[in-house]
Amino acid sequence: MKPLTRLAGRWQTIPRAASLIAGLLLLIGIAVIYQNEQGYRAQKADETRVQAGILAASVTAALDFGDAAAAQEAADALRVNPQLLAAGIYDGTGQLFAGYQRAREPLPRRMPAASAAGERSGNLLQAIVPVERGGERIGSVYLSAQVDPLSRRVARYGLVALLVVMASLVVVVLGIAHTALRGANRELSDSNAELQRQIVERANAEEALRQAQKMQALGQLTGGIAHDFNNLLTVIQGSADILKRPALPEDKRLRFADAIVQTAARAAALTGQLLAFARRQPLRPKVVDLNERVDAMMDMLERTLGARFVVRTDLGPGLCPVEVDPTQLEVAVLNVIVNARDAMPEGGGIIIRTREAVPEEIEGDGAGVALSVTDAGMGIDAETLGRVFEPFFTTKNVGKGTGLGLSQVYGFAKQSGGDVRIDSELGVGTTVTMLLPCTGKPLEKGPETTGPANAQRRGRILLVEDNEEVGAFAESMLAELGHAVVRARNADEALASIDSGLPFDVMFSDVVMPGISGIELARLVRERRPDLPIVLTTGYSEQIARTGAEDLPVVLKPYRLDALAKALDDAMAAAARG
């Protein structure tokens, strides 16, 4: 009897246990359904915000340039996501700039309230993301998306409901639930893969836009160069045509010849300013005292400015020496002074200050000095202030400036290892500050001297020049100075002349040549004839701009007859002294 009683007792407990299991499964099922629903909505909201952020990043340049077509193209790219109902791009004033919608209701013409960001209403998700450039908000992006319809969500959670209903088939229901979970993971993985693909597409679109912007900037620069050089070539070509006319009076011949010389000098200065802005100008750095340089420039600055301007100095004592190109330093200061003069058409005061730079102003851990020029002119507005260092950008009237003055200052400061800053207030004035790093090298003593206009020494020159026109002209200039010339058109011909045993007093070589460069040729010649003086010439050399000329003298193209004569005289004199 006892076994039957025990079996009957167990049978009575089965419905109760099933009820408990069913109730537990019901609670677990409800909790799982609620948590998954909340997680799903949160995930969709995050995806909407991420896609809004991607769209905001991809339309930054389009809003900045007012390119509605590019913005619309970026918005249309989101149509591949069927759950996105609407995408709107709004400018800084909140006006609709571009977008699309799948819903019947049109996009709002003005940006919805910011409180709508991340808002979830029924099956609708909304996201608003700002479009920023350099910390400044220039627009907004609005996206609205829908979650899966109720029928699909019910189907997704149907297996959990089946688990509760079919408490007796716990193992089967758990297996089905596990299968459903793997399907959900697959969907999530596919969604992530799609999102990654869209991110890559957005990145490619942004890179294409950046390249387009680079080409636009290059076009602006090329146009500015072409404009200025065509003006200079007009003077040179016209003067040359007049000089070819027969029976031209001597005074006119001299006037037009001077016009060619002066215009060529302006063209050389223009290329120098361009190279300085690009930080490719070959510098001849020397260790100098900044205060001494400023004092030495005062007479020249006062003559440049005239009687209506008063220049005062406030020079800080005990400043460390700096290693800069003295000529480029003077050009930079003069460019800033001329801008200060033009900012005060009625005249006024200009202050040149030097001081120790504070640590925050100098990159790295080193010390530095600051050279600033302050005027009391009309000042510069914020929009213009952001463009003053752009080449060929100028607010002056036509013919009053090239737009390269401050570009040269920027390039000189950067190439010297420093920086330049400008502070301005409308109606108060402007201060331009050059920051230059200190050097541990000792000051260089001795005044700079200029050489004679005509050659004092005569010798045999090995001329190495690959350009036929330049080579012929250089050969004529050397002959005019009384030198004998042996011409080589490349490094191989030059080495053959050296190996032939011909005596030479100087090798005068171009730097940029096909095959072996002028600097490499100099190394080879030094191995063969260590005592032969070498003088290099170039219009621009990446190698010299990057590593220097290895202590060899360099004559920059275009060069004058007196500059060429002095360089050769100095080289032969140094060789004679041993």
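Q: Is Ala68 buried, partly exposed or exposed?
A: In this predicted model, Ala68 lies in helix H3, residues 68-76. Its relative accessible area is 33%. Buried requires under 20% and exposed over 50%, so Ala68 is partly exposed.

Q: Which residues does Ala68 touch, not counting residues up to four places away in sequence?
A: The C-alpha atoms of Ala68 and Gly99 are separated by 9.6 Å, although the two are 31 residues apart along the chain. With residues up to four places away in sequence not counted, the residues that Ala68 touches are Phe97 and Ala98.

Q: Does Leu243 count as buried, partly exposed or exposed, and at what relative accessibility?
A: Leu243 belongs to helix H5, residues 170-243. The limit for buried is under 20% and that for exposed is over 50%. Leu243 therefore counts as partly exposed, its relative accessibility being 30%.

Q: How far apart in space are Leu243 and Arg255, C-alpha to C-alpha?
A: Leaving out residues up to four places away in sequence, Leu243 touches Leu248, Arg253, Phe256, Ala257 and Ile260. Arg255 is 12 residues from Leu243 in sequence, and the C-alpha to C-alpha separation of the two is 9.8 Å.

Q: How are H7 and H8 oriented to each other: parallel, antiparallel, perpendicular or oblique?
A: Helix H7 (residues 290-305) packs with helix H8 (residues 326-342) at about 45 degrees, and their axes are 10 Å apart. Roughly parallel needs an angle under 35 degrees, and roughly perpendicular one of 65 to 115. H7 and H8 are therefore oblique.

Q: How do the residues of the contact of H7 with H8 divide into nonpolar, polar and charged?
A: The H7 side consists of Leu290, Arg293, Met297, Met300, Leu301, Thr304 and Leu305, which meet Pro326, Leu329, Glu330, Val333, Leu334, Ile337 and Arg341 in H8. The residues of this contact divide into 10 nonpolar, 1 polar and 3 charged.

Q: What is the orientation of H11 to H15?
A: Helix H11 (residues 468-480) and helix H15 (residues 561-577) pack with axes 10 Å apart, at an angle of about 70 degrees. That angle makes H11 and H15 roughly perpendicular.

Q: Is the crossing of H11 and H15 left-handed or right-handed, and how do its contact residues divide?
A: The crossing of H11 and H15 is right-handed. Met477, Leu478 and Glu480 of H11 make the contact with Leu561, Leu564 and Leu568 of H15. These residues divide into 5 nonpolar, no polar and 1 charged.

Q: Why are the buried residues of H12 on the same side of the helix?
A: Ala491, Ala494, Leu495, Ser497 and Ile498 are buried in helix H12, residues 491-499. They are on the same side of H12 because they cover an arc of only 160 degrees around the axis.

Q: Which exposed residues does the face of H12 turned away from its buried side carry?
A: The buried residues of H12 have a cover that includes strand E13 (460-464), strand E14 (484-488) and H13. The face turned away from that buried side carries the exposed residues Asp492 and Asp499.

Q: What arc do the buried residues of H13 cover around the axis?
A: Helix H13, residues 518-528, has Gly518, Ile519, Leu521, Ala522 and Val525 buried. These residues are on the same side of H13, because the arc that they cover is only 150 degrees.

Q: What percentage of the residues of the protein chain count as buried?
A: The protein chain has 15 helices and 17 strands. Of its 578 residues, the share that count as buried is 37%.

How values were computed:
Residues are numbered from 1 along each chain as its sequence is written. This is a predicted model: local features need pLDDT of at least 70, side-chain atom pairs count only at pLDDT 80 or more; totals for chains, interfaces and linings use all residues. Side-chain values use heavy atoms; hydrogens and water are left out. Buried means under 20% relative accessible area, exposed over 50%, partly exposed in between (1.4 Å probe, protein chains only). Helices (H or I, at least four residues) and strands (E, at least two) are DSSP runs, numbered from the N terminus. The arc is that of the directions from the helix axis to the C-beta atoms. Axes are lines fitted to C-alpha atoms, for helices over the stretch in contact, and angles run from 0 to 180 degrees between N-to-C directions. Angles under 35 degrees count as roughly parallel, over 145 as roughly antiparallel, 65 to 115 as roughly perpendicular and the rest as oblique. Contact means heavy atoms within 4.5 Å. Ala, Val, Leu, Ile, Met, Phe, Trp, Tyr, Cys and Pro count as nonpolar, Asp, Glu, Lys and Arg as charged, and the others, Gly among them, as polar. A crossing is left-handed if the near helix is turned anticlockwise from the far one by less than a right angle, and right-handed if clockwise.
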